[in-house]
Amino acid sequence: MPQICLRKVYASTEITSLHIQEESKSYKKYQRRKERTKKALHRIPDVQLMDLKVDYAFKQLFGNEKNKDITVVFLNAILAKSGRSPIQQLYFQNIEIGGEYEEDKKSRLDLLIRTENKEWVNIEIQINNEYNMIKRSLYYWSRLFSEQLKEGQSYKELYPVISINIMHFNLLDETDAFHNIFHLHEIKQKYPLTDMIEFHFVEISKLITAWKNNQLDPWEDVLTRWLLLLGTVDRQRNHFYEDIYQELEEIAMVDKTLNVAMRVWEDLSRTEEERREYEIRLKQILDEQSKKRDRELLEQEMEEVKEQKEEMKIEKEEVEKQKEEMKAEKEEAKKQKEEMKAEKEEAEKQREESEIKRKEEERKRFEAETALKESAKQMALKMLEQGISQTAIIQVTGLTPEQLKIIQQETSR
């Protein structure tokens with residue numbers, strides 16, 4: 001077991017630093033701390049803990065004035081990855097964006113924060129993938145940026161807008177990293193254009209995978225532990241990560257802010273009114289997910305039906321083509337018969353020769369008709385295999401009901 005301990009860097013009333021420092025502690029002290037964990041944190045049944053990825057639960061924990069110190073630490077853990085200065089103070093905002101015209105689409109943001117440096121930070125948490133996350137984030141950012149200016153104000157009064165998107169699904173297929181940050185840079189020399197725009201995309205599912213593969217250490221990385229807190233409960237799969245929770249309990253013995261957050265989380269999960277509102281929102285999310293899945297299945301079925309119709313159309317065209325060929329052959333046979341009759345009338349003295357020729361032609365015609373009947377039989381067999389009705393088969397092939405019945409009997413033997 002590594003001899004690593006976390007120095008207390010968060011005061012109860014003021015957050016002064018984000019950084020975690022290592023100090024030397026004995027293995028025995030680490031073991032004693034681990035034994036004290038279960039006594040220090042009062043556990044409630046796993047099934048009662050709220051899934052913090054549900055926007056209602058997330059906002060109750062991180063968007064409450066009483067929990068502002070928790071939000072400061074969590075937000076600094078994210079923003080430190082892009083090199084921004086630690087936030088000392090923040091102010092919760094509760095506004096709708098949009099609505100420039102009456103028919104405009106309005107959107108209620110999950111968590112909107114303004115810092116003491118006048119930066120705007122919008123945090124969106126999503127369980128379901130609506131396949132429009134990037135455009136949606138761009139839309140929110142643009143409205144927040146443009147709506148800063150009021151009439152008569154200068155462009156100098158615009159401040160950075162930071163968009164943070166936390167998702168319980170994979171969005172960026174190009175990378176396995178769970179936290180990706182985007183700025184505006186010059187395409188060749190990579191120097192930044194401005195710090196006014198910043199996008200964070202956090203994929204919880206990739207985080208869980210990396211943690212399971214021992215690629216992350218929440219003891220050393222603040223952001224990892226807070227994101228693991230969000231991923232501990234997965235109500236979509238009705239799963240609770242006991243191993244994650246136990247490790248966070250151990251860390252919470254020396255990380256006071258995480259300890260407070262876990263206690264608040266448990267208190268929220270115990271409170272009847274909060275629990276009722278959370279369950280309502282969770283049901284709505286799961287219903288939306290179910291409807292989305294139903295739509296996908298319906299679209300898939302419609303696509304399959306469309307493909308079947310296309311196949312039947314092609315088969316019908318082939319049948320029509322064969323009928324035209326049969327018609328042409330019959331007309332040709334008729335023409336040959338008339339020519340034979342003319343030749344017979346023209347030369348009585350060549351009657352014997354003509355008779356021989358006529359019999360030869362009749363033989364050829366018989367073989368052609370036999371071939372046609374065999375073709376019609378094969379076509380009928382194929383249509384029977386496809387479940388096409390007997391009436392349709394008779395109409396297409398020209399077979400009689402009795403002939404079709406004989407074909408069916410031969411097939412069943």
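This is a predicted model: local features need pLDDT of at least 70, side-chain atom pairs count only at pLDDT 80 or more; totals for chains, interfaces and linings use all residues.

Residues are numbered from 1 along each chain as its sequence is written, and side-chain values use heavy atoms, with hydrogens and water left out.

The structure holds twelve aromatic pairs. Rings of Phe, Tyr and Trp (its six-membered ring) pair if their centres lie within 6.5 Å; planes under 30 degrees apart count as stacked, over 60 as edge-to-face and the rest as tilted.

One of the pairs is Phe58 with Phe62, which is tilted, at 4.9 Å centre to centre and 40° between the planes. Both residues belong to helix 2 (residues 55-62), four residues apart, about one turn of the helix. Helices (H or I, at least four residues) and strands (E, at least two) are DSSP runs, numbered from the N terminus.

Are Phe58 and Phe62 buried or exposed? Phe58 and Phe62 are both buried. Buried means under 20% relative accessible area, exposed over 50%, and partly exposed in between (1.4 Å probe, protein chains only).

Phe199 and Phe201 form a stacked pair, with 6.5 Å centre to centre and 10° between the planes. Phe199 counts as buried because its relative accessibility is 7%.

Finally, the loops. Lys190, between strand 9 (179-185) and strand 10 (192-203), has a positive phi near 65°. Asn238, between strand 11 (233-234) and strand 12 (239-240), has a positive phi near 55°.
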